[in-house]
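Please look at the structure below before reading the numbered points.

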Amino acid sequence: MRARRAGRAGEAGLVTLEWLLVVAALAGLAALAVVLVQRLVDDTAEQVRASPARRTAAAVAATEVERQARGATAANPRTATWADWSSHFSARCARLAILYNDVAVEVDAAFARPTTASGGDPISEAALESATEADATSSTPQAKCNVDEAAGPVAPDPAPPADPAPPADPAPPADPVPQPPSIEDFRLAARAIANAAATLRPGDTWATWKAHFEAQCSNLAAVYAHLGINVLSHFNSPTDQLSPSAAVTQDLLDAATAAVPANGRPQIKCEADQ
């Protein structure tokens with residue numbers, strides 16, 4: 001009799017231990033779920049915070065494509081004819097959708113020659129200076145590169161309610177007060193300027209290239225003055241390009257680094273000193 005009772009007590013102890021193990025396992029899974037959800041929320045918040053700055057950078061890049069299209073020259077083989085010009089800048093604009101696919105921008109590109117010109121005709125630099133985003137005319141080409149946030153699917157119209165509508169929900173809370181731009185926003189803007197400086201602008205000399213991009217980078221100091229940063233803006237030609245009127249070439253821009261310039265290597269530096 002005592003042996004039977006001792007056996008039952010041992011079985012009860014095992015059952016209790018099994019339940020304790022099950023409870024501990026469930027508690028561990030719950031804790032892991034909390035950690036995973038928190039990481040997902042943090043990652044999503046970071047992406048949402050950075051999205052406006054990325055869309056701004058995409059808009060700046062699109063404006064730069066338009067400006068370069070209006071400043072194209074027939075001396076550049078990539079833009080020698082109207083067909084070459086249209087193909088080159090349409091591709092440049094379309095590429096923005098890939099570069100900024102993380103914020104789902106849509107690209108609206110239209111680079112059309114004057115209606116009286118043919119695709120094989122040499123481009124007219126005078127006509128390009130007057131190009132607009134409007135449809136091309138007999139004397140004015142069209143240069144349009146716009147980016148916009150991708151539109152989501154259109155929701156179907158809801159069916160009318162059969163019963164009287166319930167009381168209106170309370171007004172949603174006011175939008176949060178926008179935060180001033182952060183150091184990450186500055187870095188995104190500086191990177192966009194550096195990327196533009198590394199892309200050939202037809203007709204640029206080293207002097208005009210330096211003046212244009214150093215001014216763009218230096219202007220960031222006023223926009224981000226609240227961060228108390230010192231903006232380093234250095235756009236210098238290779239040391240063996242002694243004439244400031246020498247033409248900028250894409251192969252030299254491809255060799256550029258943020259380090260001090262050297263023979264065959266220009267300097268492209270737009271960053272903060274911290």
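1. In helix H2, the buried residues are Trp82, Trp85, Phe89, Arg92, Cys93 and Leu96. Buried means under 20% relative accessible area, with a 1.4 Å probe and protein chains only. Seen down the axis of H2, these buried residues fall within an arc of 105°, so they line one face of the helix; the arc is taken from the directions from the helix axis to the C-beta atoms. In general, an α-helix has 3.6 residues a turn, so residues three or four places apart point the same way.

2. This is a predicted model, in which local features need pLDDT of at least 70, side-chain atom pairs count only at pLDDT 80 or more, and totals for chains, interfaces and linings use all residues. Residues are numbered from 1 along each chain as its sequence is written, and side-chain values use heavy atoms, leaving out hydrogens and water.

3. H2 (residues 82–99) has 18 residues, which should span 26 Å at 1.5 Å a residue, and its end C-alpha atoms are 26 Å apart, in agreement. The expected span is 1.5 Å times one less than the number of residues. Helices are DSSP runs (H or I, at least four residues), numbered from the N terminus.

4. In H4, the buried residues include Phe186, Leu188 and Ile193.

5. The largest pocket has a volume of about 480 Å³. A pocket is an open set of points on a 1 Å grid over the protein atoms alone, where a 1.4 Å probe fits, with protein on both sides within 12 Å along at least five of seven lines; lining residues have an atom within 4 Å of a point. The volume is the space filled by probe spheres set on the points. H1 gives the most to the lining of this pocket, with nine residues.

Conventions. Helix = DSSP H or I, 4+ residues; strand = E, 2+ residues; numbered from the N terminus. Buried < 20%, exposed > 50% of the residue type's maximum accessible area, 1.4 Å probe, protein only.
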